[in-house]
Amino acid sequence: MISGLSSINSQMFHILVYGSQNAKLVGMKVSAPGNSPNTDGIHVEKSSSVTIMNSKIGTGDDCISIGPGTSNLWIENVTCGPGHGISIGSLGWEMQEPGVQNVTVKSATFTGTQNGVRVKTWARPSKGFVKYVLFQRLVMVNVENPIIIDQNYCPGGQNCPNVNYNVQTLGAKPDGKTDSTKAILSAWTSACASGQPATIYVPPGRFLLGTATFAGQSCKNQAITIQIDGTLVAPSNYNVIGNSGTWINFEGVTGVSVIGGTLDAQGANLWACKNSGKSCPTGATTLAFYNSKNIMISGLSSINSQMFHILVYGSQNAKLVGMKVSAPGNSPNTDGIHVEKSSSVTIMNSKIGTGDDCISIGPGTSNLWIENVACGPGHGISIGSLGWEMQEPGVQNVTVKSATFTGTQNGVRVKTWARPSKGFVKYVLFQHLVMVNVENPIIIDQNYCPGGQNCPDQVSGVKISDITYQDIHGSSATEIAMKLDCSKGNPCSDINLEDVKLTYKNEPAHSSCINADGKASGLVQPNNCLYN
C-alpha cells in the first residue's frame with residue numbers, strides 16, 4: 001500500500017511496480033516539469049491486481065505507463081497533465097513477450113497532454129497481445145491525441161526489421177499496358193524468402209497483371225503486407241484469364257494483409273459475350289484466398305470482376321474491412337464476397353453492389369460475422385445455395401447485423417436445392433436490418449431447382465433451424481415481404497421473428513409460410529404465419 005505519497009522531480013520514473021501482486025497506490029501526487037525527459041509518473045510491468053486511485057500526476061512523460069505482462073490493473077479518478085497521458089506500452093520489443101489484459105481506466109481527466117489514452121507497440125515481430133481493456137468516463141481538455149493506437153512505433157527507424165519491395169523498382173510499369181506480372185511475383189518470392197516482416201508496395205498508377213498465384217507452402221514469412229496505392233488491372237482480352245479460375249490467387253498463405261488500392265478485372269466484354277448467348281470462357285474470380293489463415297483485407301476496391309469478386313475458401317481467421325465492391329446490376333455471376341468451408345471470417349464496414357449476391361455463404365461456413373454492410377444493386381446476402389451434395393458440411397453461427405439493402409432482388413435469403421442432402425443451417429441471427437424497396441426482404445427457398453433438372457422428388461434434405469430475424473424494418477417492392485418456403489420432408493424449425501416491420505406501398509406487407517415452425521414476439525408485420 002502506498003497512500004498519500006508525493007514524488008517530485010524524479011531523475012527517471014517516479015514510481016515503479018514490477019513483478020508484483022496486489023498493490024494499491026492511493027492519493028498520490030507526482031510532479032515534474034512537462035519538459036523533463038523520461039519522468040513517467042507510475043510504471044506497472046509484469047504485475048497483477050494493481051490499483052491506482054484518487055491521484056494527481058503531471059510529468060514530462062507518461063502519467064501512467066503499462067508494460068508487458070500486466071493484468072487486472074484498475075485506474076480510477078486520476079488527473080493527468082502535463083505529460084503524455086496514460087499509455088499501454090510500448091510493447092512488442094521482444095518476440096516472446098507476455099501480453100497485457102484486463103485493464104480498466106475510468107473517471108480520469110487529461111489536461112494539455114500529448115495523448116489521452118494510448119496503446120503503443122513497436123513495429124517488430126512479437127507474440128505479445130493487448131485485450132480486455134476498458135476506457136470509461138474520461139474527460140479530455142485540449143489534448144493532442146485523445147484516443148490513439150500506434151502500432152508503428154519505431155523512433156529513428158532503427159531496430160524495426162521490415163523489408164520493402166517496390167514493384168516498380170523491380171520492373172513493373174504503371175502504364176496499364178506493360179505486363180508487370182513477373183515483377184510482382186518476384187516481389188512475392190523475395191518477401192517469402194525473408195525471415196522478417198515484409199511489405200510489397202504497388203505505387204500509384206495502373207499495373208497490368210496476368211494470372212498470378214501467390215503460394216504460401218514454401219513461404220518462410222508469416223507477416224507480408226501488400227500495400228496498394230495504385231490499380232492492378234487485368235488484360236483487356238478476357239480470354240487471357242477467363243479460363244484460369246482465379247485472376248489473383250493466394251494459396252496456403254498465413255499472415256497476409258492486402259491494404260488499399262483497386263483491382264480492375266475489366267469484365268464488361270465477357271459479360272457482353274455471355275449475355276449474347278455466344279460460347280465464352282467461364283470467367284475468373286478476381287481475388288481468392290484458398291486454405292489460408294490470419295488474413296486481413298482492408299480498404300480494397302474491386303470493380304468489374306469477370307465472376308466472383310472475392311472468394312474466401314477453406315480458410316480461418318480472415319477479416320475484410322472497408323471493402324468497396326462494384327459491378328453493374330446486370331453483370332452475370334459477379335458475387336461480391338463468397339465464403340465457403342471457412343471459419344472465423346469477419347466482413348465489416350463495406351459497400352457492395354453487384355449483379356449477383358452481395359455476399360454469398362457456401363457449405364461448411366461457421367462463425368461468420370457480417371456488420372455494417374450496404375448492399376445494392378444485387379441479390380442480397382444469401383446463405384446458399386446449399387444441398388447439392390448428399391454429404392455436405394453445414395452452415396452455422398452466422399450473424400448479419402446493421403446492414404442496409406437498397407433496390408436488391410432479395411434482402412436476407414437462405415436457399416437450398418430441392419435434392420437429398422445431410423446439410424444443415426442453424427444458429428443464424430439477422431439483426432438491425434433496413435430494407436429499401438427490396439423485392440424479397442426475408443426469404444427461405446428450399447425448392448431451388450432452376451430448369452427443374454437434377455432434383456429427384458423435389459424435396460430438400462437440408463435442415464434449417466434456429467434462425468432469428470430481429471429488428472428488421474423498411475419497404476418491400478412486392479406484396480409478399482416474407483416468404484418462408486421450407487422443405488416438406490424436413491420442415492424449418494425454431495424460426496424466431498422479433499420486431500419486424502415491412503411495408504408495401506406504405507401498407508403492411510403480406511407473408512407466406514410453408515412448412516415453417518417458430519414463434520413471433522413484439523411487433524411483427526407482415527403478419528406472423530409460422531405454426532408452433
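Predicted model: local features only at pLDDT ≥ 70, side-chain atom pairs only at ≥ 80, totals over all residues.
Next, select Asn-506. This residue also is not a glycine, yet has a positive phi of about 65°. Look for Asn-506 in the loop between β42 (492-504) and β43 (507-508). Its relative accessibility is 73%, so Asn-506 counts as exposed, the cut-off being over 50%.

Now turn to the salt bridges. The structure has 3 of them.

Select Asp-62 and Arg-118 together. Their side chains form a salt bridge, with 3.1 Å from N to O. Asp-62 belongs to the loop between β7 (48-58) and β8 (64-66), while Arg-118 belongs to strand β12 (residues 115-122), so the pair ties together parts that are 56 residues apart in sequence. Asp-62 is buried at a relative accessible area of 3%, and Arg-118 is buried at 9%.

Move on to Asp-264 and Arg-206. Here the side chains meet in a salt bridge of 3.3 Å, N to O. Asp-264 is in strand β24 (residues 262-264) and Arg-206 in strand β18 (residues 206-208); the pair links distant parts of the chain, 58 residues apart. Asp-264 is buried, with a relative accessible area of 9%, whereas Arg-206 is partly exposed, with 35%.

The remaining pair to select is Asp-357 and Arg-413. A salt bridge joins their side chains at 3.0 Å, N to O. Because Asp-357 lies in the loop between β32 (343-353) and β33 (359-361) and Arg-413 lies in strand β37 (residues 410-417), this pair ties together parts that are 56 residues apart in sequence. Asp-357 is buried, with a relative accessible area of 3%. Arg-413 is buried as well, with a relative accessible area of 9%.

The last stops are on the backbone. Which residues does the cis peptide bond with an omega of about 15° join? Select Gly-384 and Ser-385: the bond lies between these two. Ser-385 is part of strand β35 (residues 381-386).

Finish at Gln-525 and Pro-526. A cis peptide bond joins these residues too, and its omega is about 10°. Pro-526 is in the segment that comes after β45 (516-525).

Key
Residues numbered from 1 in each chain as written. Heavy atoms only, no water. Helix = DSSP H or I, 4+ residues; strand = E, 2+ residues; numbered from the N terminus. Buried < 20%, exposed > 50% of the residue type's maximum accessible area, 1.4 Å probe, protein only. Salt bridge = Lys/Arg side-chain N within 4 Å of Asp/Glu carboxyl O.
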